[in-house]
Amino acid sequence: MANLNMLNAAKAVTSATNPNWSSAVPSGIKTTAQEANDALTAKSGQSGMGQKDFLTLFTTQLKNQDPLDPVKNEAFVAQLAQFSQLEATTGMAGSLDNFVSSQSGQQITTSANLIGKKVSVANGPAQLTAGMPVEGIVNLPTGAEGVKFQVFNDKGILVNTQVLGSQTVGDLKWAWNGGDDAGNPLPDGVYQFKATAVSQGKTTTPTVSTMASVVGVSQAADKTVVLQILGGKTIKLADVTRIDG
């Protein structure tokens, strides 16, 4: 688009400010406006015209303008200003692209420091290690008459169920001690959690946020940094609300 505007700017110098000039040019000789038009037609959808090309067309017109009807100085100054502004805008866009690319590379390098740490993951799996309690948070915007928590192992088998009574509005913190329904300790591994709440006569399945370990960092096609979580889930870095060592 920038190159097309440059060509149009060169063409406009003659066609807009001295429309009758072409009638005085001998047969077989092209005016600057005609050259600009030909270049515009040939280069549509292509790149290549820069400051040198524009100035060549510009100075050619200066050398060959009708001495009895010269183009006004104001017209030349306006065209030069238009070209300079366009060139500056194009350069600024290129610099911004380079800055965004460099920031993306720096962000993924910095995010690598999260590997081995735990982050808050919505509806994500959590690692049970050495019987240490696993904590979760459920938001209840309207409170609840009752809440049921279920724990599933990595094969999707239900291994523990807890039923809690009435809950107030806000975040409900919940912890699982790593045991089954009979209180027997379960093996270390990755477990998934599900909550069911009854509020105002309606049953919902609110999101359970748990702390899960980061095992990898990658970058999506749109430069978004993505964290790989133990258990196979991925989340965007921007969605992380809490980090534990």
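Reader: Which side chains meet in a salt bridge?
Author: Lys155 and Asp154, with 3.9 Å from N to O. Bear in mind that this is a predicted model.

Reader: How many salt bridges does the structure hold?
Author: One.

Reader: And that pair, Lys155 and Asp154: buried or exposed?
Author: Lys155 is exposed. Asp154 is exposed as well.

Reader: Switching to the inside. Which residues of the largest nonpolar core touch the most other members?
Author: Leu140, Val147, Phe149, Val151, Trp176, Tyr191 and Phe193. The core has 19 residues.

Reader: Which strands each supply at least two residues of this core?
Author: β2 (126–128), β3 (134–140), β4 (146–152), β6 (170–176) and β7 (189–199).

Reader: Which one gives the most?
Author: β7, with four residues.

Reader: Back to Leu140. What is Leu140 in contact with, leaving aside neighbours within four places in sequence?
Author: Val147, Gln167, Thr168, Val169, Gly170, Leu172, Ala197 and Pro206.

Reader: What does the second, separate core include?
Author: Val119, Val121, Val225 and Val240 are among its 11 residues.

Reader: Pockets now. What volume does the largest pocket have?
Author: About 260 Å³.

Reader: Which residues line the largest pocket?
Author: Lys118, Gln127, Thr129, Met132, Pro133, Val134, Glu135, Met211, Ser213, Arg242 and Asp244.

Reader: Which elements give two or more residues to that lining?
Author: β3 and β9 (208–219).

Reader: How many residues of each class are in the lining?
Author: Four are nonpolar, three polar and four charged.

Definitions and conventions
Residues numbered from 1 in each chain as written. Predicted model: local features only at pLDDT ≥ 70, side-chain atom pairs only at ≥ 80, totals over all residues. Heavy atoms only, no water. Core = buried A, V, L, I, M, F, W, Y, C linked by side-chain atoms within 4.5 Å. Buried < 20%, exposed > 50% of the residue type's maximum accessible area, 1.4 Å probe, protein only. Contact = heavy atoms within 4.5 Å. 1 Å grid on protein atoms, 1.4 Å probe; cavity = no way out; pocket = protein on both sides within 12 Å on 5 of 7 lines; lining within 4 Å. Points joined across faces, edges and corners; volume = space filled by probe spheres on them. Nonpolar A, V, L, I, M, F, W, Y, C, P; charged D, E, K, R; others polar. Salt bridge = Lys/Arg side-chain N within 4 Å of Asp/Glu carboxyl O.
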